[in-house]
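Here are my notes for your first look at this one. Have the structure open while you read, and take the points in order.

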Amino acid sequence: MSWTEDQPIVSLKDVHKSFGEVKVLRGVSMDIQKGEVICIIGPSGSGKSTLIRCINALNDIQSGSITVEGIEVSDPKLDKLALRKKVGMVFQQYNLFPHRTVLQNVMMAPIKVLGQNKAEVEQRARDLIRKVRLEGKEDAYPGELSGGQQQRVAIARSLAMSPDVMLFDEVTAALDPETVKEVLNTIKDLAADGMTCILVTHEMGFAREIADCVYFTDRGVIVESGPPATFFDQATDPRTREFLSQVL
Amino acid sequence: MAWTHSQTPPVKGHLPVLLPLRSMPQGLPLQDRLFNVWTASILVLALAAALITPAFAQDATPGRSAFAILLEWTPTLAKGFGFNVLISILSMAIGTVLGVGLGILQVSPLRPVRQVAWVITQFFRNSPWLVLLFYCILLIPFQIEVFGTKIPFPGWVKAVIGLSLPVMAYMSEYMRGAILSIPTGQWESAESLGFSRGQTLREIILPQTIKRVLPSWMNLYAVLTMATPLVSIVGVNDVMALTRAALSAEGRVDLLIPMYLYILCWFFLYCYPISALTRWLERKYSVKL
């Protein structure tokens, strides 16, 4: 199946996922267009993280379908490498490789996985490090950086693979309040450059500011979605309103 | 601390009960750890014992002093001890290579592979070293013919293989533990960057296990070295066998204790720095992961 840019870049249809007896996703559908910024919010345990982990096949699904640029993610014969070239992911706990420097962290995957030329990758890596405003930290080890700095390295590392879609799984949840902003600004820059971003977040103000569409999940289903202006001010579902009244 | 229980706390809510029970010992530099008052006193005691014991017995047996005899045999015993060291290094090298491989197989995603590796590990980890040595001596032929060339297997080579088996098993367990102790986030982020399982192990997981395994590995080496005298039982001319030969050549009962004490000192001098270094490394790495 070939994919064209007018079709959704990421498409979920009636996705079901359970861990043993626990049903985490119970029929989730969403279409995301290229260049869109999507924020997924909801109470803990509502399946937000599982949802985006399914998009890059870190978790498998029981039924339904997920496609990324026409690649069927739930296909048992899925070419995982082809998928992961298109989808980048940033985690709550940064997960940088502690035995490698910032520059090496960013350079590793393109060299080892894609077999790209080392000099070219290094040039691109240095540009990316500058882009996330960490120039001068190239030779530092992750342990020497603050949480916010580590998270920005993680973003640069993911961008080095030149993905078309970026997944952010509560990337500011482990950060000090004052460093949250620097990470959010980096994501904002990315979104402004036209990167398709799917974020699971608890930063309501940020979601309102940056998202093209906000999804509210509860107990494995999407309860409500819409552009932030209408979503935050005119939520219709009582569950959404209760959640918003608690977090806003 | 600048204040005691009787004084009022400088900060409200700063209670003595919240203080650590006792402060952590200051980290000493390595050389101070090796050569401190305890090491020195143990050495002095050992040397004194070695000298005094024969002095008491000397009245009964005329002739050369025990000290002179020890000195005379030292070159021969040193050669034997060198052999022990050689055996320990070779066994460690073979056991480490096999053990790392076996440890990796123990975390294989394939269940049968995992199970076989587990069984092998458990079998050799729970076997007496001496019995393993006997088995190797008896089972391995004295030479093997490969493409017309005869490769001899003298007793000491068999002993090296025999001792490398438990080393392999312990190493396998250390590796398994170390690999499993790496946070799963490392696997996940590597996976999301497109690394294959093999690449993830090679590039990301294994380099991080080295620090965690190193202290146990060194400790294992010290234990192995102290176990090398076992090879004398299966007919290898190590320091123990040579000591026995020396004792029977001299034929003096009063030499028994000083001679063996002398050998003990050698092992102590070789192994103690290793275990001290191990403890130092453990402390160094225990703070940061």
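**Notes on the two-chain model**

1. Start at a spot between the chains: the side chain of B:Gln186 comes within 2.7 Å of the backbone oxygen of A:Leu96. A polar contact here is a pair of N or O atoms within 3.5 Å; within protein, one must be able to donate a hydrogen and the other to accept it, and residues adjacent in sequence count only if both atoms are side-chain atoms.

2. Before going on, a word on the ground rules. This is a predicted model, with local features needing pLDDT of at least 70 and side-chain atom pairs counting only at pLDDT 80 or more, while totals for chains, interfaces and linings use all residues. Residues are numbered from 1 along each chain as its sequence is written, chains are lettered from A and ligands numbered from 1 in the order in which they are written, and side-chain values use heavy atoms, with hydrogens and water left out.

3. Back to B:Gln186, which sits in helix H7 (residues 184-192) of chain B. Helices (H or I, at least four residues) and strands (E, at least two) are DSSP runs, numbered from the N terminus. Is B:Gln186 buried or exposed? B:Gln186 is buried, at a relative accessible area of 5%; buried means under 20% relative accessible area, exposed over 50%, and partly exposed in between (1.4 Å probe, protein chains only). Setting aside neighbours within four places in sequence, B:Gln186 has contacts in both chains, including A:Asn95, A:Phe97 and A:Pro98 as well as B:Ile204 and B:Gln208. Contact means heavy atoms within 4.5 Å.

4. Now the interface as a whole. In chain A, 23 residues are in contact with 15 residues of chain B. Together the two chains bury about 1,600 Å², with 59% of that on carbon and sulfur atoms; buried area is the accessible area (1.4 Å probe) that two parts lose on being put together, summed over both.

5. What about charged pairs between the chains? The rule finds 5 salt bridges across the interface of chain A and chain B, a salt bridge being a side-chain nitrogen of Lys or Arg within 4 Å of a carboxyl oxygen of Asp or Glu. One to look up is A:Arg84 with B:Glu191, whose closest N and O atoms are 3.1 Å apart. A network of salt bridges links A:Lys80, A:Arg84 and B:Glu191.

6. Polar contacts between chain A and chain B come to 7 residue pairs (both at pLDDT 80 or more). On the side of chain A that touches chain B, at least two residues each come from helix H2 (80-86), strand E6 (87-90), helix H3 (102-112) and helix H5 (147-159). That side divides into 13 nonpolar, 4 polar and 6 charged residues.

7. Chain A by itself: 9 helices and 10 strands, with 54% of its 248 residues buried. Its accessible surface is about 10,800 Å², and 45% of this belongs to carbon and sulfur atoms; such areas come from the Shrake-Rupley method with a 1.4 Å probe, and for residues only the protein chains shown count as cover.

8. Chain B has 10 helices and 2 strands, and from the N terminus on its elements run α-α-α-α-α-β-β-α-α-α-α-α. Of its 289 residues, 40% are buried. The accessible surface of chain B comes to about 16,500 Å², 71% of it on carbon and sulfur atoms.

9. Over all chains the salt bridges number 18. In chain A, A:Lys17 pairs with A:Asp60 at 3.1 Å between the closest N and O atoms. This pair links distant parts of the chain, 43 residues apart: A:Lys17 is in strand E1 (residues 10-19), and A:Asp60 is in the loop between helix H1 (48-55) and strand E4 (63-68). A:Lys17 counts as buried at 5% relative accessibility, whereas A:Asp60 counts as exposed at 53%.

10. B:Arg176 is partly exposed at 29%, while B:Glu173 counts as buried at 15%.

Technical notes. Nonpolar A, V, L, I, M, F, W, Y, C, P; charged D, E, K, R; others polar.
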